[in-house]
Amino acid sequence: MRRALGLAVLALLCSGQACPSGGLSGKPVAVNGKARQAMTLRVRLGEGFQDNTVSVRVDGKQVYDRPNVSTDLTISRADSFDVAVDGPSVQLEVAVQGGPTVRRAVEPAQTPFVEVRFIDGALHLLPLPAEPPML
């Protein structure tokens with residue numbers, strides 16, 4: 001039973017954008033005929049989510065879409081995920097169904113972590129140079 005659960009979790013973690021071939025390995029990725037080092041952007045959904053449907057796009061491509069996202073108040077975290085990116089700057093868009101949408105340019109080489117908070121009906125994107133500690 002434990003092994004089956006572990007395999008199911010691994011399959012979920014490595015589905016879609018989370019584990020593209022070559023992207024998280026640090027191998028160069030060809031972009032417009034030039035090899036470029038792939039980077040990882042970690043997005044953490046933090047405080048304020050209460051049974052929300054949340055979607056995230058990077059440069060217009062859907063990378064996250066989940067219902068029932070709720071913050072665990074003991075660690076101030078609802079969810080987190082990694083996205084392989086290959087540009088010096090990406091456009092990050094986060095939306096709450098029936099609520100706000102926020103867009104912001106992020107430079108993963110300088111700020112590889114983004115904390116998203118949903119406070120007083122507004123989404124806040126906080127690009128950070130280091131991963132914030134869990135409380």
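## Aromatic pairs

Two aromatic pairs are counted in this predicted model. Rings of Phe, Tyr and Trp (its six-membered ring) pair if their centres lie within 6.5 Å; planes under 30 degrees apart count as stacked, over 60 as edge-to-face and the rest as tilted. Phe49 and Phe118 form a tilted pair, because their planes stand at 40° with the ring centres 5.8 Å apart. This pair links distant parts of the chain. Phe49 sits in the loop between β3 (39–45) and β4 (52–58), while Phe118 belongs to strand β9 (residues 113–119), 69 residues apart. Both Phe49 and Phe118 are buried. Buried means under 20% relative accessible area, exposed over 50%, and partly exposed in between (1.4 Å probe, protein chains only).

Tyr64 and Phe81 make a stacked pair. Their centres are 4.5 Å apart, with 10° between the planes. Again, distant parts of the chain are linked: Tyr64 is in strand β5 (residues 61–69) and Phe81 is in strand β6 (residues 79–85), 17 residues apart. Tyr64 counts as buried, at 4% relative accessibility. Phe81 counts as buried too, at 11%.

## How the model is read

Residues are numbered from 1 along each chain as its sequence is written. The model is predicted, so local features need pLDDT of at least 70 and side-chain atom pairs count only at pLDDT 80 or more, while totals for chains, interfaces and linings use all residues, and side-chain values use heavy atoms, with hydrogens and water left out.

## The chain as a whole

The chain has one helix and ten strands. Helices (H or I, at least four residues) and strands (E, at least two) are DSSP runs, numbered from the N terminus. The order from the N terminus is α-β-β-β-β-β-β-β-β-β-β.

Of the 135 residues of the chain, 31% count as buried. Contact means heavy atoms within 4.5 Å. Among contacts between residues at least 6 apart in sequence, 48% join residues at least 24 apart. The accessible surface comes to about 8200 Å² (Shrake-Rupley method, 1.4 Å probe). Carbon and sulfur atoms hold 53% of that surface.

Two strands pair if DSSP finds at least two bridges between them. Strand β7 (residues 90–96) and strand β8 (residues 101–106) run antiparallel, joined by six bridges. Ala95 stands opposite Thr101 in β8. The two strands form a hairpin with four residues between them. In its turn, Gly98 has a positive phi of about 75°.

β9 pairs with strand β10 (residues 122–128) in the antiparallel sense, over seven bridges. Here Val114 stands opposite Pro127 in β10. The hairpin of β9 and β10 has two residues between the strands, and Asp120 takes a positive phi near 50°.

## One cavity

A search of the whole structure finds one cavity of 30 Å³ or more. A cavity is a set of points, on a 1 Å grid over the protein atoms alone, where a 1.4 Å probe fits but cannot get out; lining residues have an atom within 4 Å of a point. Grid points are joined across faces, edges and corners, and a volume is the space filled by probe spheres set on the points.

The largest cavity has a volume of about 30 Å³. Its lining consists of Arg42, Arg44, Phe113, Val114, Glu115, Glu131 and Pro132. The largest share, three residues, comes from β9.

Ser55 is found in strand β4. Not counting residues up to four places away in sequence, Ser55 touches Gln62, Tyr64, Asp65, Glu93, Val94 and Ala95. The C-alpha atoms of Ser55 and Gln97 are separated by 7.8 Å, although the two residues are 42 residues apart along the chain.

Thr111 and Leu73 both sit in loops. Thr111 lies between β8 and β9. With a relative accessible area of 16%, Thr111 is buried. Thr111 is in contact with Leu41, Val106, Pro127, Leu128 and Pro129, leaving aside neighbours within four places in sequence. Leu73 lies between β5 and β6. Leu73 is exposed, with a relative accessible area of 76%. Leu73 and Gly46 are 27 residues apart in sequence and 9.3 Å apart in space, C-alpha to C-alpha.

Note on methods:
On a 1 Å grid over the protein atoms alone, a cavity is a set of points where a 1.4 Å probe fits but cannot get out, and a pocket is an open set with protein on both sides within 12 Å along at least five of seven lines; lining residues have an atom within 4 Å of a point.
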